[in-house]
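Dear colleague,

Please find the structure below, followed by a summary of what was found in it.

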Amino acid sequence: MNILQINASARRATDAEGSVSTRLANELSAGLRAAHSNATVTVRDLTLTPQPVLDEVALGALFTPADQRTPEQAARVALDDALIAELQAADTIVIGVPMYNFNVTAQFKNWIDAVARAGVTFKYTEKGPVGLVTGKKVYIVTSRGGIHRDQPSDQMTPYLRTVLAFLGMTDVEFVYAEGMAFAAEQGLASARSQITQLLAA
């Protein structure tokens, strides 16, 4: 099993402090690795190595034929290529991403914009778009200051289901650590219980 862990908080994590979503993603990845002796884990930490935003310069590089790119354009495209290669090589993906202002972090949106590439991770057909990143198991660990699960304020969960399905990933499980702004211990305990149940399934 090849596990890709994506840390997408604006904060780094330590053993007991910092990013809650990253700490819980670490625990989930450790549990998966313990259950599969041959598992390998690749960590893509967008906190430590942020992916550049998809801007006009990046689009210009992507739409320039590979053999005509400047060295700067080639280097920019190579950053996205590296993320795509990691995604394609993974069997299981663990994403740690908190809710910021009712949706994903800028760090994770930049990752999505990097890996969503027509003709590579999805394609357009007469019957609509088809995702090309298939056969993956995805776990999303998300932390929230308030309580949003199954509420209209949770725009994050449907967005993630939609964009991952667009790329071909439909086997998605969520772990929620909620109420972290006022009931952190309960939120962590609930999330860890959810992780235990997923690992036992």
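Helices (H or I, at least four residues) and strands (E, at least two) are DSSP runs, numbered from the N terminus. The model is a predicted one, in which local features need pLDDT of at least 70 and side-chain atom pairs count only at pLDDT 80 or more, while totals for chains, interfaces and linings use all residues. Residues are numbered from 1 along each chain as its sequence is written, and side-chain values use heavy atoms, with hydrogens and water left out.

An open sheet is formed by 5 strands in the order 2-1-3-6-7, with parallel pairing; two strands pair if DSSP finds at least two bridges between them. Strand 2 (40-45) and strand 7 (171-177) are the edge strands, each pairing on one side only. On average, neighbouring strands of this sheet are turned by 15° against each other, direction ignored. Within the sheet, strand 3 (residues 92-96) and strand 6 (residues 137-143) run parallel and are joined by 5 bridges; T92 has K137 in strand 6 as its bridge partner.

Helix 1 (residues 20-35) packs on the sheet, where it touches strand 1 (2-7), strand 2, strand 3, strand 6 and strand 7. The direction of helix 1 makes about 175° with that of strand 1. Here contact means heavy atoms within 4.5 Å, and axes are lines fitted to C-alpha atoms (for helices over the stretch in contact), with angles running from 0 to 180 degrees between N-to-C directions. Helix 3 lies across strand 1, strand 2 and strand 3, and runs at about 150° to strand 2.

Helix 3 and helix 4

The axes of helix 3 (residues 71-89) and helix 4 (residues 106-115) cross at roughly 85° and come within 8 Å. Helix 3 is therefore roughly perpendicular to helix 4, a term that covers angles of 65 to 115 degrees. In this contact, D80, L83, I84 and L87 of helix 3 meet W111, A114 and V115 of helix 4.

The hairpin

Strand 4 (residues 122-125) and strand 5 (residues 128-131) run antiparallel and are joined by 4 bridges. A hairpin of 2 residues links strand 4 to strand 5, and F122 has G131 in strand 5 as its bridge partner.

The largest pocket

L54, L59, L62, F63, D80, D113, A114, A116, R117 and A118 line the largest pocket. A pocket is, on a 1 Å grid over the protein atoms alone, an open set of points where a 1.4 Å probe fits, with protein on both sides within 12 Å along at least five of seven lines; lining residues have an atom within 4 Å of a point. Helix 2 (56-62) and helix 4 each supply at least two residues of this lining.

Kind regards

Notes:
Parallel < 35°, antiparallel > 145°, perpendicular 65-115°, else oblique.
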